[in-house]
Amino acid sequence: MRAKTAQDRQLLELIDPIAESLGLDVVRVRLMSGSKRQRLQIMAERPSDHDISVEQCAKLSRAVSEVFDAADPISGEYLLEVSSPGIDRPLTRPIDFDLFEGEEARLETDRMIEGRKRFKGVLAGFEDGNVLIDLEGEEDTALIPFDWLSDAKLVLTDALMKRGAAIRAARGEPEDDGLPEGAAEDADTDTTTPSEDKA
């Protein structure tokens, strides 16, 4: 789920070692088409605390641009966007379901499971290739194969925002995360770089 299409997977193969060299993990890569040009979105984080600074976003953006200028893996113009996963982050790796156990999440599968594809509940971990989730109104914990997921994301709740505030406080960062008054609570760290095919 870190990569959705065959091209996303090819790009991820190029991006992973670049991120690792900077001490970062890639959470998700998506190449999206637009009316004027494509947009390459890279979400990354530090493995230590699952966050990323503006400076690290900029470094990763520059490093990816250098490699892509030489390798030319995307035809035509594209916009490179490097950001944090955000508070209500996508869950793309098995480890994510253990890390955020106890948090509310929405899951979507690529096939029907007991007549449905969408699920909402509290994460209960990851076991034997399955996501464990306590669904609303059901007593038993549901097991959903990770390989069947097409999308998974945390739900933005008060508890999740408090968790984020506690992490920032532990790092000695301001509680408001330095955002201007009235800015969205879940605003992502973001750096955007325009790139174009020189061929």
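Trainee: Rings of Phe, Tyr and Trp (for Trp, its six-membered ring) pair if their centres lie within 6.5 Å, and the pair is stacked if the planes are under 30 degrees apart, edge-to-face if over 60 and tilted for the rest. How many aromatic pairs does the structure hold?

Mentor: This is a predicted model, in which local features need pLDDT of at least 70 and side-chain atom pairs count only at pLDDT 80 or more, while totals for chains, interfaces and linings use all residues. Residues are numbered from 1 along each chain as its sequence is written, and side-chain values use heavy atoms, with hydrogens and water left out. The number of aromatic pairs in the structure is three.

Trainee: Which class of aromatic pair do Phe-97 and Phe-126 form?

Mentor: Their centres are 6.3 Å apart, with 25 degrees between the planes. By the angle rule, this pair is therefore stacked.

Trainee: Is Phe-126 buried, partly exposed or exposed?

Mentor: Buried means under 20% relative accessible area, exposed over 50%, and partly exposed in between, with a 1.4 Å probe and protein chains only. Phe-97, at 0%, counts as buried. Phe-126 has 22%, so Phe-126 is partly exposed.

Trainee: How does Phe-97 pair with Phe-146: stacked, tilted or edge-to-face?

Mentor: The ring centres are 6.1 Å apart and the planes stand at 75 degrees. That angle is why the pair is edge-to-face.

Trainee: Where does Phe-146 lie?

Mentor: Phe-97 and Phe-146 are 49 residues apart, and both are buried. Phe-97 is in helix α3, while Phe-146 is in the loop between β7 and β8 (149-154).

Trainee: How many salt bridges does a search of the whole structure find?

Mentor: Side chains of opposite charge can pair when their charged atoms come close. A salt bridge here is a side-chain nitrogen of Lys or Arg within 4 Å of a carboxyl oxygen of Asp or Glu. The search finds 12.

Trainee: Which residue forms a salt bridge with Glu-45 at 2.7 Å?

Mentor: Glu-45 lies in strand β2 (residues 38-45), and its partner sits in the loop between β3 (78-83) and α3 (94-99), so parts 48 residues apart in sequence are tied together. Both residues of the pair are buried. The partner is Arg-93.

Trainee: What distance separates the end C-alpha atoms of helix α2?

Mentor: The expected span of a helix is 1.5 Å times one less than its number of residues. Helix α2 (residues 54-71) has 18 residues, so it should span 26 Å. The model agrees, with its end C-alpha atoms apart by 26 Å.

Trainee: Which residues have the most contacts inside the largest nonpolar core?

Mentor: In soluble globular proteins, nonpolar side chains tend to be buried together. A nonpolar core is a set of buried Ala, Val, Leu, Ile, Met, Phe, Trp, Tyr and Cys residues joined through side-chain atoms within 4.5 Å. The largest one has 23 residues. Those with the most contacts inside it are Leu-11, Ile-15, Leu-40, Ile-42, Leu-60, Val-64 and Phe-68.

Trainee: How many residues are in the other core, which lies apart from that one?

Mentor: Its members include Ala-105, Phe-119, Phe-146 and Leu-160. The number of residues in this core is 19.

Trainee: What is the mean pLDDT of the chain?

Mentor: pLDDT is the predictor's confidence in each residue, from 0 to 100. In this chain, 86% of the residues reach 70 or more. The mean is 87.

Key:
Helices (H or I, at least four residues) and strands (E, at least two) are DSSP runs, numbered from the N terminus.
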